Amino acid sequence: MEISVDLQGYLDSIESYHKAAAATVGRQLRECRIAQGLTLNDIIGETRINRHHLEAIEQGNYIKLPGGKDLLEGYYTAIYVKNFIRSYARCIGFAETISFEIREVNEAHALDVVAAPSTSVYITKNHRPPKFGEYLLYLFLTKAERVYLIGDLAEEYDELSSRFGRQAANLWYYRQIVTSLRPLMRRLLCRARTVILILEIIQKLRSH
Amino acid sequence: MENQTRSQLYLGEFEEIVLLAILRLKQDAYGVRIRQEIENETSRSTSIGSIYTTLERLEAKGYVKSQHGEVTPERGGRAKRYFKIQGAGAEALNQAMIDRTRMLDGVDLKWLPAW
């Protein structure tokens, strides 16, 4: 009795599974970048990864990355590929939550054929408010206040983001920033006015 | 003498609301919760900036006291700041309520024209 094993079909299915996973991760990263209003140039500035490589990550085309061909040859620990994806993800706020699942094809099944690329990335959600809003607040807050106020905003942003999506959370966040700036600016003006008043009094006392 | 004490105990309308929110929240009174409590109960949209500037004023007057809280991951590793009402704050709030009740005495809000 002869048993036929569809080895090519098996490898193709593994490959298409990983390609799909890679593309999903790339899309997630791209969507996250766009939601934060970041361009590829911003990411290039921060990570020093060139445009072609960033585009390759977003398209899930890891083979185009330095050392990417290792994936085809069965080197599962393609360091450059992992580091490039990790730097990009970190840059847009997927800080420590990125994990790589390296799955080696079972040798008994793969026989003597080199395994298909098998690096896939799984990202868990980590909602981080837009940096620009944070920067605006930095201009008007005291050092001690920054921790608490920005922390409060981040907490509510995270809650809203998981309930209503990133766009709605961004809208809420910017509205909070704009309405918060008014009382903060008023406080700054009051302080400035007091300083001016004191200086005027000192000047008058000197002239007498 | 009485007038002086009263002016010292003066509370702005928003200060009053913030103090009441802290009282309602008890042990859980920090920025996010205070803002949400005010928004839910008064249906007025409130910014976190106005909450903090008011709390800073109240703390300077000695009406509230704050303390460092725990750090959580959703806050990006930043600590919470819990607020607790002080004796002077409770007294000021009490005085504001007495003044309001006195002023409302004999006034029928039902018949006021809405313009």
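A search of the whole structure turns up 19 salt bridges over all chains, a salt bridge being a side-chain nitrogen of Lys or Arg within 4 Å of a carboxyl oxygen of Asp or Glu. This is a predicted model, so local features need pLDDT of at least 70 and side-chain atom pairs count only at pLDDT 80 or more, while totals for chains, interfaces and linings use all residues. Residues are numbered from 1 along each chain as its sequence is written, chains are lettered from A in the order in which they are written, and side-chain values use heavy atoms, with hydrogens and water left out.

Within chain A, R30(A) and E58(A) form a salt bridge, with 3.4 Å between the closest N and O atoms. This pair links distant parts of the chain: R30(A) sits in helix α1 (residues 7-35) and E58(A) in helix α3, 28 residues apart. Helices here are DSSP runs of H or I with at least four residues, and strands are runs of E with at least two, both numbered from the N terminus. R30(A) is partly exposed at 39% relative accessibility, whereas E58(A) is buried at 9%. The cut-offs are under 20% relative accessible area for buried and over 50% for exposed, with partly exposed in between (1.4 Å probe, protein chains only).

Now for the interface. In all, 22 residues of chain B are in contact with 23 residues of chain A, contact meaning heavy atoms within 4.5 Å. The two chains bury about 1,900 Å² between them, with 51% of it on carbon and sulfur atoms; buried area is the accessible area (1.4 Å probe) that two parts lose on being put together, summed over both. Between chain B and chain A, 14 residue pairs are in polar contact, both residues being at pLDDT 80 or more. A polar contact is a pair of N or O atoms within 3.5 Å; within protein, one must be able to donate a hydrogen and the other to accept it, and residues adjacent in sequence count only if both atoms are side-chain atoms. On the chain B side, α3, α4 (48-61) and β2 (79-85) each supply at least two of the residues that touch chain A. Of the elements on that side, α4(B) gives the most, with 6 residues.

The salt bridges between chain B and chain A number 6. One of them pairs R187(A) with E56(B), the closest N and O atoms being 2.9 Å apart. In another, R75(B) meets D152(A) at 2.7 Å between the closest N and O atoms. R75(B) lies in the loop between β1 (64-71) and β2 of chain B and D152(A) in helix α8 (residues 143-164) of chain A, so this pair joins two chains. Both partners are buried, R75(B) at 0% relative accessibility and D152(A) at 1%. E156(A) and R35(B) also form a salt bridge, at 2.9 Å from N to O. Here helix α8 of chain A holds E156(A) and helix α3 of chain B holds R35(B). These two are buried as well, with E156(A) at 5% and R35(B) at 2%. Through shared partners, salt bridges join D152(A), E155(A), D28(B), R33(B) and R75(B) into one network.
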